[in-house]
Amino acid sequence: MSPALPPRIALYERTVAGSLAGVWENVHDWEHLPWLHASSFASIALLDSGDWGWRARVDLPAGPELEIELRKRDGEQAYDVTTHSGPGVGSVIATRLAPTGPDTTHVEVGFHIPGIGNDAAAGVGAGFVSLYTRLWDEDEGMIIARAEAETHDAPPVSQSLQADLGPRSEFGLPVSFELGGRRFHAAEVGGQPVAWAAACPHRHGPLPDTPDSEGCVLCPWHGYRFDVRSGRSADERNLFLGRAPTLTVGDDGHLRARLGPDR
Ligand code: FES
Ligand SMILES: [Fe+2]
């Protein structure tokens, strides 16, 4: 039997535009907290994880550090997030999931917070509801985008593809374009036009169209960084961007993209 929860001071419910599997994938994805939810979390350090959930040390933007654990409830579409240390220690945020269609899931979140008197409960509860509204808005955007990316795999490129992006003098980089059903960004890096895959190779996050001063892009979902010229990870990970076209400016002044066949 689960231990008794502290009193529930507020309840938040919504329907999320994501399948039950997509929502569970998001729940187990601890790594996105300080990136997708940058206004709510400053950093995260994983302590343990498994099919049961995960446990991590989390820094809040204002400074305090918490240790939290997300644990699936056995045999239920539900999980509890318990604060083991730091502000709000002993709090349990209990979430139930219920599919309402193939691509929709009802989410019910109960905020069980110890030591809150009746006078303060409404205000503290409203704060949690407002925080979780924002977190689930951000999560829903990622769940939808990830599902779309996973269901729209571009077909293999069997022969060389070319695109005329137009007169170079008439538009400024960065620019985004499609070739062979794949989406790319192009910008000038070190005076040269460079194109790179718009989808992050980690989990399909939307890479930015503007590299930083070192020619790198940072994915907004989990903070992985890539060098757009080499396509390699720029943060000591071992990932590579998807293949990208080479760009040339022809004698007619047009910028052209050429993507060779997949091998
Ligand atoms: S999708 Fe995870 S870092 Fe890009
Ligand atoms: Fe999230």
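Colleague: Which residue in β7 does R8 stand opposite?

Modeller: R8 stands opposite H112 in β7. This is a predicted model, in which local features need pLDDT of at least 70 and side-chain atom pairs pLDDT 80 or more, while totals for chains, interfaces and linings use all residues. Residues are numbered from 1 along each chain as its sequence is written, with chains lettered from A and ligands numbered from 1 in the order in which they are written.

Colleague: How many bridges pair β1 with β7?

Modeller: Two strands pair if DSSP finds at least two bridges between them; strands are DSSP runs (E, at least two residues), as are helices (H or I, at least four), numbered from the N terminus. Here β1 and β7 pair in the antiparallel sense over eight bridges.

Colleague: In what order do the seven strands form the open sheet?

Modeller: The order is β1-β7-β6-β5-β4-β3-β2, with antiparallel pairing. β1 (8-16) and β2 (43-50) each have a single partner strand, so one side of each lacks a neighbour in the sheet.

Colleague: Where do the side chains of β7 point?

Modeller: In a regular strand the side chains alternate between the two faces of the sheet. Along β7, T105, V107, V109 and F111 point to one face and are buried (20 or more other C-beta atoms within 10 Å of their own, C-beta atoms being placed from the backbone).

Colleague: How many residues lie between β6 and β7 in their hairpin?

Modeller: Two residues lie between them, and nine bridges join these antiparallel strands. The bridge partner of T95 in β7 is V109.

Key: A residue is buried if 20 or more other C-beta atoms lie within 10 Å of its own, exposed if 12 or fewer, and partly exposed in between; C-beta atoms are placed from the backbone.
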